[in-house]
Amino acid sequence: MSVSLKNRSLISISDYTPEEICHVLDIAEDFEKNPHQNLLNGRIIASLFFEPSTRTRLSFETAIQLLGGNVIGFSSTAGTSIQKGESLADTITMVASYADLIVMRNPIEGSARFASEVSKVPVINAGDGANQHPTQCMLDLYSIRKTQGTLENLEITLVGDLKYGRTVHSLVEAMCNFNAKFNLVSPVELKLPSVVKQHIKDRNLEYHQYTELEDAIPHSDIIYMTRIQRERFPDPEEYEKVKNSYVLRNAMLANSKPNCRVLHPLPRVNEIHVDVDANPKAYYFQQAQNGVYARQALIASILGLK
Amino acid sequence: MEKKKELTVSAIENGTVIDHIPADKVFQVVKILGLEKVKTPVYFGINVESKKYGTKGFIKAANKYFEPEDVNKIALVAPTASIIEIKEFEVIRKQTVSIPDSIERIVKCFNPNCVTNKEHDVPTKFKVIKDAEGNFKLHCHYCEKNTTQDKLEFI
């Protein structure tokens, strides 16, 4: 049966089945080969960023322009009606009458799900606080499949902030569909929450917890580094204690598998030393570039153009 | 000498008796069922002697019958409660409560950054996740966080 994502909002990666995810990745592959496709032909996409973003906003807007579409929206709430106290429901209802699709980032958790229920046009969640960031997950999956040739039976090492890192939570949930084995490397304070670990247990998949990164490297197919995010810590002292827990250096990759690749959702601070950048196993900048193709694929699929 | 038996409150002719409520949960049950707003008589008792539970609470709502989805909501705070429907002083139906699969509007999401707490007029909506021991947690439809029993707060 053919897969159609027409008019299907994407709020959480679990909204899409593994087949639907693979369908989006196939389309993204096509966009990587041929990024300039005038499929939108002047259609209007609203890009509503209620908080600052660099990569996500720019890659969405690049994706829209490569598809021949127009962007309306804002990159912060300064000067908008939101500052005058307009409700999210009213903002979304109004924008939905102007645009064919809404891309939204909002620091309030659950705001994207709510927006998709209010809006008459589909909504793509570009991050709702510490909750979900499904398009990042889609580009992570694209990067993993591209570098490994498959999503099945891979050993994924997740490093750093496994507690607050929303990209980690979504990636674990998604990779559970593909028989992954997980290595969880984090300080005790930042362990993967039990609700996320439950996804692994529900599928009877193997996982190991490490406190030393070196122990997990030699058998990893993917090393997924994360930044320990200062803004997620209610207590600044807690942040100070763990901020430099893991730093990946080039020498540490000497015993890694030939197919191993290092991913990072970016921005990095110091968790990947710059001496890794020249190593062919460093994949984080290509990963960010893949975000454009993954987002092109999502926009085109949701608007029923692919 | 035989002890004289007295009714704590008079029997109702028609309506619903909610019995075996944990003694300290009566007011929450009143709130969940919206009984503080009804115009018909409502009687209640707290710290009443109970053979089974030591003490208990009860509510008698005259001329009032509830939908099953409404009575099941009280299972969140009073899983031992029984619902007795009365017509012309006769018991016509007696049932126990069971925790429903979903809960809307009556409980707050514990996450202060959830859209239901940040925006006006976004009603809460939860999926109830139950375990084998009868414990439960409420999975928020919006922020996807779980509100555990110890953090239950009624709106």
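Predicted model: local features only at pLDDT ≥ 70, side-chain atom pairs only at ≥ 80, totals over all residues.

A: The chain passes from β3(A) through α4(A) to β4(A), a β-α-β crossover that is right-handed.

Q: How many bridges join β3(A) to β4(A), and how do the strands run?

A: Four bridges join β3(A) to strand β4 (residues 123–128) of chain A, and the two run parallel.

Q: And which strand of chain A is joined to β3(A) by five bridges?

A: That is strand β1 (residues 44–49) of chain A, which runs parallel to β3(A). Within this pairing, A46(A) stands opposite I102(A) of β3(A).

Q: Is β3(A) mostly covered or mostly open?

A: Strand β3 (residues 101–106) of chain A is mostly covered, with six of its six residues buried.

Q: Which residues sit on each side of it?

A: L101(A), V103(A) and R105(A) are on one side of β3(A), while I102(A), M104(A) and N106(A) are on the other, and all are buried. In a regular strand, side chains alternate between the two faces of the sheet.

Q: Let us turn to the core. Which residues have the most contacts inside the largest nonpolar core?

A: The largest nonpolar core has 120 residues, and those with the most contacts inside it are L101(A), I102(A), V103(A), V262(A), I299(A), V29(B) and I74(B). Helix α9 (residues 284–302) of chain A supplies the largest share of this core, 10 residues. As background, nonpolar side chains tend to be buried together in soluble globular proteins.

Q: What does I299(A) touch?

A: Leaving aside residues up to four places away in sequence, I299(A) touches I45(A), A63(A), I64(A), L67(A) and L101(A).

Q: Where are the domain bounds in chain A?

A: The assignment for chain A gives domain 1 as 13–133 + 291–302 and domain 2 as 134–288. The C-alpha centres of these two domains of chain A lie 25 Å apart. Their contact takes 20 residues from domain 1 of chain A and 19 residues from domain 2 of chain A.

Q: Which elements give two or more residues to the domain 1 side of that contact in chain A?

A: They are α1 (18–33), β4 and α9 of chain A. The residues on the side of domain 1 of chain A that touches domain 2 of chain A divide into 12 nonpolar, six polar and two charged.

Q: How many residues are in contact between chain A and chain B?

A: 12 residues of chain A are in contact with 15 residues of chain B. On the chain A side, helix α4 (residues 111–118) of chain A gives the most, with three residues. By class, the side of chain A that touches chain B has four nonpolar, six polar and two charged residues.

Q: What about chain B itself: how many helices and strands?

A: Chain B has three helices and nine strands. From the N terminus on, its elements run β-α-β-β-α-β-β-β-α-β-β-β.

Q: What does the C-alpha trace of chain B span, and how is chain B divided?

A: Along its principal axes, the C-alpha trace of chain B spans about 60 × 35 × 25 Å. Chain B is divided into domain 1 (15–96) and domain 2 (102–151), and 24 Å separate the centres of these domains of chain B, taken over C-alpha atoms.

Q: What share of chain B counts as buried?

A: Of the 155 residues of chain B, 32% count as buried.

Conventions
Residues numbered from 1 in each chain as written. Chains lettered and ligands numbered in written order. Domains from an automatic or database assignment. Core = buried A, V, L, I, M, F, W, Y, C linked by C-beta atoms within 7 Å. Buried ≥ 20, exposed ≤ 12 C-beta atoms within 10 Å, placed from the backbone. Contact = placed C-beta atoms within 7 Å. Nonpolar A, V, L, I, M, F, W, Y, C, P; charged D, E, K, R; others polar. Pairing = 2+ DSSP bridges. Right-handed = clockwise from strand over helix to strand, strands pointing away.
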